[in-house]
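Look over the sequence and the structure before reading on.

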Amino acid sequence: MATSSRLRAFYAFSFLKNLEFFGALSVPFYLYRLKFDYSRMFILEAIFSVVMMLLEVPTGVVADRWGRKVSLLLGSFFLALGFFAFGIFRAFWVLAVAEVVCAVGMTFVSGADKAFLYEFLAAESLEGEASRIFGRYEAAGTAGRFLAFPLGSLFAGSGILPYEQALGLVFVFTAVAMALSGVALLGVKESYAAPAGGGFLRHGVEGFLIIFREKSLRNFGLDYAAISALTFFMFWFYQSLLAREGVPVSWNGFVGAGFNLGATLLLSATGSLQKRFGARKVLFFSSFIPGILYIATGAVHGLVVALIAMSGVVMLKLFRAPMLSAAMNTLIGDDHRATVLSGISMVERILIALLYPLVGALADYSVDLTLIVLGCLTILASFVLRMGRLKGA
């Protein structure tokens, strides 16, 4: 395949794996289709996070030992299987298993997709365009969510099928998209050669320890994990914020699509913003501003404030990820790249798993207070991590 065709295959993979038709309907799915309370809902999500935390490095080793493409194809298969189970079954224990399957699929993709893309760029002598191409890769994924969110909401609220049945089918549609994402990469030839020698476990441990041995990589990795974990919770709270302001559920998908569209536009300006303000300032303000927005929407009610806050937090979360990915890739050797990136994702998952019960308990007391606390933590992390980058990178 020609260089441009292979890049389009990567973009197609990113687009398809982010066609999450259930994205704006996850809370209604749990409450109305499954008749679960918030406690059981967060137990399932905690299972997902813990499994991802445990498997990030082992599945990264698979990518490093047997190839990024193999890992991505396995990930697409497991994700399709897990989402299909969510669309068909309702028993708690079956869905707990489905969470495990989805987590396995997600960890096979985590790190391996960006490692595969970066090595392709290196083979084609395109490292100098890494930030721009990584931005386009993320933009393709954001565009997938932008399309899927309103389509899922429109379908669920259309009345074509009973509401509960439609909530299940959006997961089946998502499963089909996951399977197709793997198909998109079938024609892409991998130039990566697995390193010779060394045991499976030893290779994984060595790759993970690189994160802590390399000061610059450690600083970027902690920045990525901490800020991403804190801003992640807006994906759960934005539907609650819309309900707080009296917005009908049928609009959830359009609101989600709106801030994903904003992220797509912001990602397309990555190079210009870095050139004008410098990468360090862009990274700092892309973490500091979400903290302010969290606090604002917790302290001040109103639809305008809520829309600005949820859009800003999500847009900046999606915006900063490719910048940090491109920076970290330049600091990692080929033979450990996927393992190291998976290790950084594992650190993020550890933080999310630790925060889940705390955030859930605080949210049961007050959602507004929870948002303010998340904002304060994000602001604190942005200053602490900025100092680390200034000293170590």
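What follows is a short briefing in two topics.

The model is predicted: local features need pLDDT of at least 70, side-chain atom pairs count only at pLDDT 80 or more, and totals for chains, interfaces and linings use all residues. Residues are numbered from 1 along each chain as its sequence is written, and side-chain values use heavy atoms, with hydrogens and water left out.

**Nonpolar core**

- A nonpolar core is a set of buried Ala, Val, Leu, Ile, Met, Phe, Trp, Tyr and Cys residues joined through side-chain atoms within 4.5 Å; buried means under 20% relative accessible area, with a 1.4 Å probe and protein chains only.
- The largest nonpolar core has 91 residues, and those touching the most other members are Tyr-30, Leu-117, Leu-121, Phe-233 and Met-310.
- Helix H7 (residues 130–157) gives this core its largest share, nine residues; helices are DSSP runs of H or I, at least four residues, numbered from the N terminus.
- Beyond its neighbours within four places in sequence, Phe-233 has contacts (heavy atoms within 4.5 Å) that include Tyr-294, Ile-352 and Leu-374.

**Helices H11 and H12**

- Helix H11 (residues 234–244) packs against helix H12 (residues 252–268) at an angle of about 125 degrees, and their axes are 11 Å apart.
- Axes are lines fitted to C-alpha atoms over the stretch in contact, and angles run from 0 to 180 degrees between N-to-C directions.
- From H11, Tyr-238, Gln-239 and Leu-242 make the contact; from H12, Asn-252, Val-255, Gly-256 and Phe-259 do.
- The buried residues of H11 include Trp-236, Tyr-238 and Leu-242.
- After H11 comes Gly-246, with a positive phi near 80 degrees.

Notes. Buried < 20%, exposed > 50% of the residue type's maximum accessible area, 1.4 Å probe, protein only. Helix = DSSP H or I, 4+ residues; strand = E, 2+ residues; numbered from the N terminus.
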